[in-house]
Amino acid sequence: MVQKYQSPVRVYKYPFELVMAAYEKRFPTCPEIPVFLGSEILHESRSDDGAIHIIERSCKLNVDAPRLLKKIAGVEYVFFIQKNTVNWKERTLRIEAHNETFANRVVVLETCSYSVHPENEEWTCFEQSASLDIKSFFGFESTVEKIAMKQYTSNIKRGKEVIEHYLKELISQGITFIPRWTPPPTCGQKDKRAPAVGRDADDIPLESGAPGTTKEQTGSSCPPAEAVSPDADKLDADYIERYLGQLTPMQESCLIRLRQWLQETHKGKIPKDEHILRFLRARDFNIDKAREMLCQSLSWRKQYQVDYILQSWRPPALLDEYYTGGWHYQDKDGRPLYILRLGQMDTKGLVKALGEESLLRHVLSINEEGQKRCEENTNIFGRPITSWTCLVDLEGLNMRHLWRPGVKALLRIIEVVEDNYPETLGRLLIVRAPRVFPVLWTLVSPFINENTRQKFLIYSGSNYQGPGGLVDYVDKDVIPDFLGGDCMCTVPEGGLVPKSLYQTEEEPENSDHIRLWTETIYHSASVLKGAPHEIVVEILEGESVITWDFDILKGDVVFSLFHSKRAPETSHKEATLPSTSAAGDNMQLIDKTWILGVDYSRMESPLVCREGESIQGSHVTRWPGFYILQWKMHGPLPCSGTSLPRVDDVLASLQVSSHKCKLIYYYEVLASKDFRGSMSSLESCNSGFSQLSGATTSSSQSQSSSHLSR
């Protein structure tokens, strides 16, 4: 594999001629660079007017490699051929170098250039690129590659320091100006070139003073913060340090190369540099993996118009009232601080009232706002800030938050955020974690990137107070009042979302937006008198678990579970279709000719579900086959001759006779080994989670349970 390097543009705040004079001091040998043992001029030529000066050298290097490897290779030193072409008229120097030693096994190519800064002719720019291709090396190809890359990157930094050292040396000697090249005088004309300040002109080797560099050479960067790159399509080193942070030479190279690739292949707007850098960090600066991840994200952003979400997204009033999250100043490092009172949030109610689409879009808008705040804080604090801190308060967290559809929606949101907003979370502070938190963490943590998990700090009880707690990361005057601080926090307190606000599929969400998810966790259904709604679940193996979760939005229904060895023939010949009556989202599967106890059997007693109730349950299957979940309209039970009908039943029959019942439902099939201890098997008196006993995995019997919450 060919290793490549591309430097940012490094800027010296000195004229080209002075930089060249400093550069000349490196030859024929340079004590400041121990690896560079010396050089010998092989060829030298000048143009007639002296404007072009070409020097070709053989450079001797002592590579820092294991003694055994040198012995196997049979060489003690490595030689490079270097060709330097200085153009005094254009004020440029081009350096081309390649290895002479092991040229048939290893190919090292390097190109460097010095030129005048396009916006300030008294400054000098430096760029460097190189490639390394190890074809074969006695079976030590990987070792040689690592040694070469380590040596090269360390020498890049050293080369920069050497040029700065010789510039200071020249200035200390009183040399602060060297006149520019001028055409040679014609016959009878006197040479009027100006001498250097503090020295005679003859003391400064002008025409011979532009020697080349070994492959370690680089420049130093120190343009003012407001200066732009010499080329609008290039990055300078000062900009990287000021706005992106300290990067190693190879990290800088990866950023520049990926950025160049985007400019060449993506017409139009490309991502900001800090955004590109996040994807590189997420993939440990593997440029191929980062490019793949970034391209997928860019396609996703374009498809769903995420770039415009801050302008187009307006959170529903329900979110403003019940979503317990918001921005709150910044932490001690200057990172924007986001507070989420997860324990006070009715996640179940929000999912059912708004749907996953609205919640995802809201989370995306938070991430987009976070990136915007990072840019603002970078300018405010004068240092790179590329991530934010999240403070999560779990006071109030209980089993109702471990409701499987809600956790499933959370995992889907985490997946989208991890894929498209990598390395945006700088730190996650979790406070007041209750005993149930380890269960939630066990469910969620496998879906979180390892780099992200390492940023989590978890405090149980009141451990967040005092030294070692929040005060280590957040200033005292910013800690929210509900955590014992003095700062008033405007984050909503949340509360239970009224069930009257629960949404059905008949009420489309976000109709003005392109849907981010084509399928939803919950489905809606209508139940008419004499027309139940039925769904079929095929079980291929025994000892599976069918789980369900549904809410009755209107009317009263009876829920039943049946088993049949025969499949409802909905997908077979049209003539043999069972009787179905479609009433919007209503579907019937049990053929009217089927006989209960013969063609199908009841797996559990009917459960009467009243309007407004939430039902969660599970059934452990014993046999393979087809399981049918049925919801039918509830009517009054037949009366005996000596008993009168209940008043509630009479009122219910009068009420439902004029309209259909409505419900939203979710179901899933799990292997019993996956179900035990999962989020479906947890029970809460508040949310009615089903619980499976220790006999869940037994194949000797079927078990089922349903719980409700009002």
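## Sheet, helices and salt bridges

Leucine 340 stands opposite valine 392 of strand 11. This pair is a starting point for reading the structure, which is a predicted model.

Strand 10 covers residues 336-340 and strand 11 covers residues 388-393; the two run parallel and are joined by four bridges. They belong to an open sheet of five strands, ordered 9-10-11-12-13, with mixed pairing. At the edges are strand 9 (325-330) and strand 13 (456-460), each of which pairs on one side only. From one strand to the next, the twist averages 20 degrees.

Helix 10, made of residues 347-381, lies across strand 9, strand 10 and strand 11. Its direction is at about 5 degrees to strand 9.

Another pair of elements is helix 5 (residues 249-265) and helix 6 (residues 273-282), whose axes come within 10 Å and cross at roughly 115 degrees. The crossing is right-handed. On the helix 5 side, the contact is made by Cys254, Leu255, Leu258, Arg259 and Leu262; helix 6 contributes Asp273, Ile276, Leu277 and Leu280. Of these contact residues, seven are nonpolar, two are charged and none is polar.

The structure holds 28 salt bridges.

| Glutamate 375 | Lysine 272 | 2.8 Å |

What does the salt bridge between lysine 272 and glutamate 375 tie together? Lysine 272 is in the loop between helix 5 and helix 6, while glutamate 375 is in helix 10, so the pair links parts that are 103 residues apart in sequence. Lysine 272 is partly exposed, at 43% relative accessible area, and glutamate 375 is also partly exposed, at 27%.

Glutamate 395 lies in the loop between strand 11 and helix 11 (404-420), and arginine 432 lies in strand 12 (residues 425-433); this pair therefore ties together parts 37 residues apart in sequence. Glutamate 395 is partly exposed, with 37% relative accessibility, whereas arginine 432 is buried, with a relative accessible area of 18%.

Glutamate 450 and arginine 453 both sit in helix 13 (residues 450-453), three residues apart, or about one turn of the helix. Glutamate 450 is partly exposed at 40% relative accessible area, and arginine 453 is partly exposed at 28%.

Definitions and conventions
Residues numbered from 1 in each chain as written. Predicted model: local features only at pLDDT ≥ 70, side-chain atom pairs only at ≥ 80, totals over all residues. Heavy atoms only, no water. Pairing = 2+ DSSP bridges. Axes fitted to C-alpha atoms, helices over the stretch in contact; angles between N-to-C directions. Contact = heavy atoms within 4.5 Å. Left-handed = near helix turned anticlockwise from the far one by under 90°. Nonpolar A, V, L, I, M, F, W, Y, C, P; charged D, E, K, R; others polar. Salt bridge = Lys/Arg side-chain N within 4 Å of Asp/Glu carboxyl O. Buried < 20%, exposed > 50% of the residue type's maximum accessible area, 1.4 Å probe, protein only.
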